[in-house]
Amino acid sequence: MVIQNYELVSEWGAIYKDGDKAYKTYPAHTPYDYVMEKARTHSLIYDTGLPVPAVYSVKKIKDEIIALEMDYIKGEPLLYEGMNVIEREKSLNIMAKLQCRVNAVDASHFGLPQFSNCMVDEIQRTPYLTERIKNKVLELLYRLDTGKTNLCHGDLHPFNILFDGKKHWIIDWDDASTGDPAADACMTYFYEKRFAANTAEIYLNAYCRNSNVKKEELFAWLPVIAAYQVNIETKEERDFILSIINEWIIQF
Ligand SMILES: Nc1ncnc2c1ncn2[C@@H]1O[C@H](COP(=O)(O)OP(=O)(O)O)[C@@H](O)[C@H]1O
Ligand SMILES: [Mg+2]
């Protein structure tokens, strides 16, 4: 008999554990096909040899919640409170190198959405930007987008990297897409900038050292990435994001 004893391991994203498997759950009424598509993407990425938990199935768990079944990684996030400066720098270097490995994958045949299209949709639907600003940001986006098809994680940050004591694992592939490595790295840079400005610069230097992306290329995406993130729920974070966009608009 299979023992099913789902234990909530993260309220953030509602991840359950049962034995050696993790179950990522999706909000009620999420279509089954949507989660199947996430499973398909996840297993294609697993097949590239990147350090990604293996995916097994899409099934209903506890009270009919739809979930993606994968290996449970017994590990800690890449960055945690109390790390010293050297440990922190080492971890940020690891994140930059992992990001380079992700971006080195040619994902043209994966059937993923294009990162730039995801950004256009999000920017067009936001109520937080005026039409004038949207047009300027979209103009920049179309100029920067050269149709690259590199694998982009779309949300790589220290909490989406788990360290099990030996190996670093990249999780949370729901926003995976194809696009420009500079845009994907800019997402990570921007995430760090919002929460820990000093780590953002360390990450940026490490990423540019390990890739052929120049700092200027990464910075060029910043207004677009900021606009893409502006639909965030908390007002404080949104105000910070808007300040970055407004700063850029003044110089434009
Ligand atoms: N395969 C896994 N093994 C162990 N823990 C996991 C796994 N997947 C997710 N988690 C934990 O759950 C958290 C949220 O999962 P994640 O996929 O990142 O969801 P979200 O989209 O909400 O960020 C992660 O930060 C991690 O702590
Ligand atoms: Mg996550």
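Where is the place of T188? The place of T188 is in helix α5, one of the helices (H or I, at least four residues) that, like the strands (E, at least two), are DSSP runs numbered from the N terminus. The structure is a predicted model, in which local features need pLDDT of at least 70, side-chain atom pairs count only at pLDDT 80 or more, and totals for chains, interfaces and linings use all residues. Residues are numbered from 1 along each chain as its sequence is written, chains are lettered from A and ligands numbered from 1 in the order in which they are written, and side-chain values use heavy atoms, with hydrogens and water left out.

T188 has a relative accessible area of 0% and is therefore buried; buried means under 20% relative accessible area, exposed over 50%, and partly exposed in between, with a 1.4 Å probe and protein chains only. Apart from neighbours within four places in sequence, T188 is in contact with M95, Q99, L156 and Y203, where contact means heavy atoms within 4.5 Å. T188 and A96 are separated by 92 residues in sequence, yet their C-alpha atoms lie 9.2 Å apart in space.

Two packed helices are described by the angle between their axes and the distance between the axes. Helix α5 (residues 181-195) packs with helix α6 (residues 197-210) at an angle of about 155°, and their axes are 6 Å apart. Such axes are lines fitted to C-alpha atoms, for helices over the stretch in contact, and the angles run from 0 to 180 degrees between N-to-C directions. This angle makes α5 roughly antiparallel to α6; angles under 35 degrees count as roughly parallel, over 145 as roughly antiparallel, 65 to 115 as roughly perpendicular, and the rest as oblique. On the α5 side, the contact is made by P181, A185, T188, Y189, E192, K193 and F195, and on the α6 side by A197, T199, A200, E201, Y203, L204 and Y207. By class, the contact of α5 with α6 has 9 nonpolar, 2 polar and 3 charged residues. Here Ala, Val, Leu, Ile, Met, Phe, Trp, Tyr, Cys and Pro count as nonpolar, Asp, Glu, Lys and Arg as charged, and the others, Gly among them, as polar.

Within α6, the buried residues are T199, A200, Y203, L204, A206, Y207 and C208. They pack against α2 (85-103), α5 and α7 (215-220).

Q229 is placed in the loop between α8 (222-228) and α9 (235-251). Its relative accessibility is 18%, so Q229 counts as buried. Not counting residues up to four places away in sequence, Q229 touches M187, F190, R194 and I241.

The description now turns to helix α1 (residues 32-47), where T41 is found. T41 is buried, with a relative accessible area of 8%, and touches L112 and A176, not counting residues up to four places away in sequence. A39 also lies in helix α1 and is buried, at a relative accessible area of 9%. With the same exclusion of residues up to four places away, A39 touches V55, V58 and L68. The C-alpha atoms of A39 and V55 are separated by 6.7 Å, although the residues are 16 places apart along the chain.

Finally, the model contains a magnesium ion (ligand 2), coordinated by N160 (OD1) and D172 (OD) at 2.2 Å. Donors are N, O and S atoms within 2.8 Å of the metal (3.2 Å for Na, K and Ca), and water is not among the atoms, so sites may look incomplete. N160 lies in the loop between β7 (150-152) and β8 (161-163) and D172 in the loop between β9 (168-170) and β10 (177-179), so the pair ties together parts that are 12 residues apart in sequence. N160 counts as buried at 5% relative accessibility, whereas D172 is partly exposed, with a relative accessible area of 23%. Phi of D172 is near 60°, a positive value in a residue other than glycine.
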